[in-house]
Amino acid sequence: MFGNYLIGLREGLEASLVVCILIATSTKAAPSAAPSGKASATPSAGASGTPSATPTENPNCDVDARSLTAGAPAPGHVVPEQNWTLKTSRLALHGAAFHGVYDVKTPTGSKRVLKFVVDSVDIDNLDMSTLEGNGVTFHVQGGPGTTSTMRSGPVTMYVERLSGHLSKVLGLPILIDLGEITLTPDTLPRWLYDLIGAIPIPLDLELTGVTAKQAGQFGGTLHIPGMHLFNDDAPYSDK
């Protein structure tokens, strides 16, 4: 979880860290992603509601997900009260399965999040930050022009918000539009919403110009080439 990761960094851990990074995907406008594979409508444990794996409406339209009943995370998955932000010029998620909307525990309550489980992640020009307290923001950055990686998955990611330009989707059995997207536990594109309640379909997703708000993540090994740590008083937003 990111809170423990930050503590580890400040204690002098080097560039290979057991951690997790995040993210997921969605859609809105531009080119089209080619379909491959077949969707299954067989139910599985997780968030529940009315979606099915067989879309009946425009797959690119936004769907109100606030009425979905949230699933329960794995035992022991407790995330910090304070989220963190990932900014990256390119995010590639390999073998990314969307599990739906979940309520994940915090030390004092819970957060409504999106759950993704991925095999591996590539992150160009990694820039992570979180509020350390007393107006101080803590930053972790990769070297300019470098690609940070997460390997040794699976990695479970609990996401509060993800935005960026969806540039590639492989493995989805329908055609969708690519372009600017924003994912939250309250609003999802129809094509992603319709995967809830089905056997998770592993997708390869690529986004550019990404900003992600992460509640926490578990599993995987993160390597950050040219890692740079620093504090500043730049304003930090939880939104």
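Which residues touch the most other members in the largest nonpolar core? In this predicted model, they are Leu114, Phe116, Met128, Leu166, Leu188 and Leu192, out of the 46 residues in that core. A nonpolar core here is a set of buried Ala, Val, Leu, Ile, Met, Phe, Trp, Tyr and Cys residues joined through side-chain atoms within 4.5 Å. Buried means under 20% relative accessible area, exposed means over 50%, and partly exposed is in between (1.4 Å probe, protein chains only).

A word on the ground rules comes next. The model is predicted, and local features need pLDDT of at least 70, side-chain atom pairs count only at pLDDT 80 or more, and totals for chains, interfaces and linings use all residues. Residues are numbered from 1 along each chain as its sequence is written, and side-chain values use heavy atoms, with hydrogens and water left out.

Now for the overall build. The chain has two helices and 16 strands; these are DSSP runs numbered from the N terminus, with helices being H or I of at least four residues and strands being E of at least two. Of its 239 residues, 50% count as buried. The accessible surface comes to about 10100 Å², and 53% of that belongs to carbon and sulfur atoms; areas come from the Shrake-Rupley method with a 1.4 Å probe, and for residues only the protein chains shown count as cover. Contact means heavy atoms within 4.5 Å. Taking contacts between residues at least 6 apart in sequence, 84% join residues at least 24 apart.

Back to the core of 46 residues. At least two of its residues come from each of β4, β5, β6 (120-124), β8 (136-141), β10, β12 (179-183), α2 (190-193) and β14. Strand β4 gives the largest share, seven residues. Apart from this core lies another, of seven residues, including Tyr102, Val104, Val113 and Phe218. As a bit of background, nonpolar side chains tend to be buried together in soluble globular proteins.

Val113, one of the residues in that other core, sits in strand β5 and is buried, with a relative accessible area of 0%. Leaving aside neighbours within four places in sequence, Val113 is in contact with Gly100, Val101, Tyr102, Val104, Tyr158, Val159, Glu160, Pro185 and Ala215. The C-alpha atoms of Val113 and Val159 are separated by 5.3 Å, although these residues are 46 apart along the chain.

The rings have a story too, with two aromatic pairs in the structure. Rings of Phe, Tyr and Trp (its six-membered ring) pair if their centres lie within 6.5 Å; planes under 30 degrees apart count as stacked, over 60 as edge-to-face and the rest as tilted. The ring centres of Phe98 and Phe116 are 4.9 Å apart and the planes are at 40 degrees, so this pair is tilted. Phe98 belongs to strand β4 (residues 84-105) and Phe116 to strand β5 (residues 110-118), so the pair links distant parts of the chain, 18 residues apart. Both Phe98 and Phe116 are buried. The other pair, Tyr158 and Phe218, is edge-to-face, at 6.1 Å centre to centre and 75 degrees between the planes. Tyr158 lies in strand β10 (residues 155-170) and Phe218 in strand β14 (residues 203-218), so parts 60 residues apart in sequence are tied together. Tyr158 is buried at 0% relative accessible area, and Phe218 also counts as buried, at 18%.

Thr88 is another buried residue, with a relative accessible area of 5%, and its place is in strand β4. A polar atom of the Thr88 side chain lies 2.6 Å from the backbone oxygen of Asp124. Beyond neighbours within four places in sequence, Thr88 is in contact with Ile123, Asp124, Asn125, Gly209 and Val210.

Most residues other than glycine have a negative phi, and most peptide bonds are trans. Asn125, however, has a positive phi of about 50 degrees; Asn125 is in the loop between β6 and β7 (127-133) and is partly exposed, at 35% relative accessible area. Ser152 has a positive phi of about 60 degrees. This serine lies in the loop between β9 and β10 and is exposed, with a relative accessible area of 58%. The loop between β9 (147-151) and β10 also holds Pro154, which is joined to Gly153 by a cis peptide bond with omega about 15 degrees.

Technical notes
A polar contact is a pair of N or O atoms within 3.5 Å; within protein, one must be able to donate a hydrogen and the other to accept it, and residues adjacent in sequence count only if both atoms are side-chain atoms.
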